[in-house]
Amino acid sequence: MKISTLSSKHQTTLSAEIVRQLNLLPGMRLKQSVEGNRIVIEPLDDVSTAFGALKPKRKFRSSAEETAGMEAAVAKETMERERQR
């Protein structure tokens with residue numbers, strides 16, 4: 001059994017042994033729940049493990065390409081409005 005202390009900010013520290021046993025990494029999200037008088041902390045599935053599992057519907061572009069595309073769309077819309085006048 002490992003013992004930790006609750007800080008004034010309601011924080012506690014996991015022991016290094018528990019972190020190693022569960023392969024926890026900094027930044028991982030942990031789910032907290034109460035079962036009876038016990039606190040249960042479980043690691044959430046890492047979303048990055050699913051990366052690439054789904055094929056995107058469109059090609060991802062750089063922000064410069066997105067900006068150029070938006071500027072072209074605005075210019076096209078502006079030209080169409082001018083023609084309608």
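Strand β2 (38–43) contributes the most to the lining of the largest pocket, with five residues; strands here are DSSP runs of E of at least two residues, and helices are runs of H or I of at least four, numbered from the N terminus. Both β1 (30–35) and β2 supply at least two lining residues each. The model is predicted, so that local features require pLDDT of at least 70 and side-chain atom pairs pLDDT 80 or more, whereas totals for chains, interfaces and linings use all residues. Residues are numbered from 1 along each chain, and side-chain values rest on heavy atoms, without hydrogens and water.

The largest pocket has a volume of about 670 Å³. Of its 20 lining residues, Ser-4, Thr-12, Leu-14, Ile-39 and Ile-41 are the closest to the centre. A pocket is an open set of points on a 1 Å grid where a 1.4 Å probe fits, with protein on both sides within 12 Å along at least five of seven lines, and lining residues have an atom within 4 Å of a point. By class, the lining comprises 11 nonpolar, seven polar and two charged residues.

Leu-14 lies in the segment before α1 (16–21) and is partly exposed, at a relative accessible area of 34% (buried means under 20%, exposed over 50%, partly exposed in between; 1.4 Å probe, protein chains only). Together with Leu-30, Ile-39 and Ile-41, Leu-14 forms a nonpolar surface patch of about 350 Å² accessible area (patch residues have over 30% relative accessible area and no salt bridge, with nonpolar side chains joined within 5 Å).

Note on methods: Patches are made of residues with over 30% relative accessible area and no salt bridge: like charges are joined within 9 Å, nonpolar side chains (Val, Leu, Ile, Met, Phe, Trp, Tyr) within 5 Å. Accessible areas come from the Shrake-Rupley method with a 1.4 Å probe; for residues, only the protein chains shown count as cover. A salt bridge is a side-chain nitrogen of Lys or Arg within 4 Å of a carboxyl oxygen of Asp or Glu. Grid points are joined across faces, edges and corners, and a volume is the space filled by probe spheres set on the points. Ala, Val, Leu, Ile, Met, Phe, Trp, Tyr, Cys and Pro count as nonpolar, Asp, Glu, Lys and Arg as charged, and the others, Gly among them, as polar.
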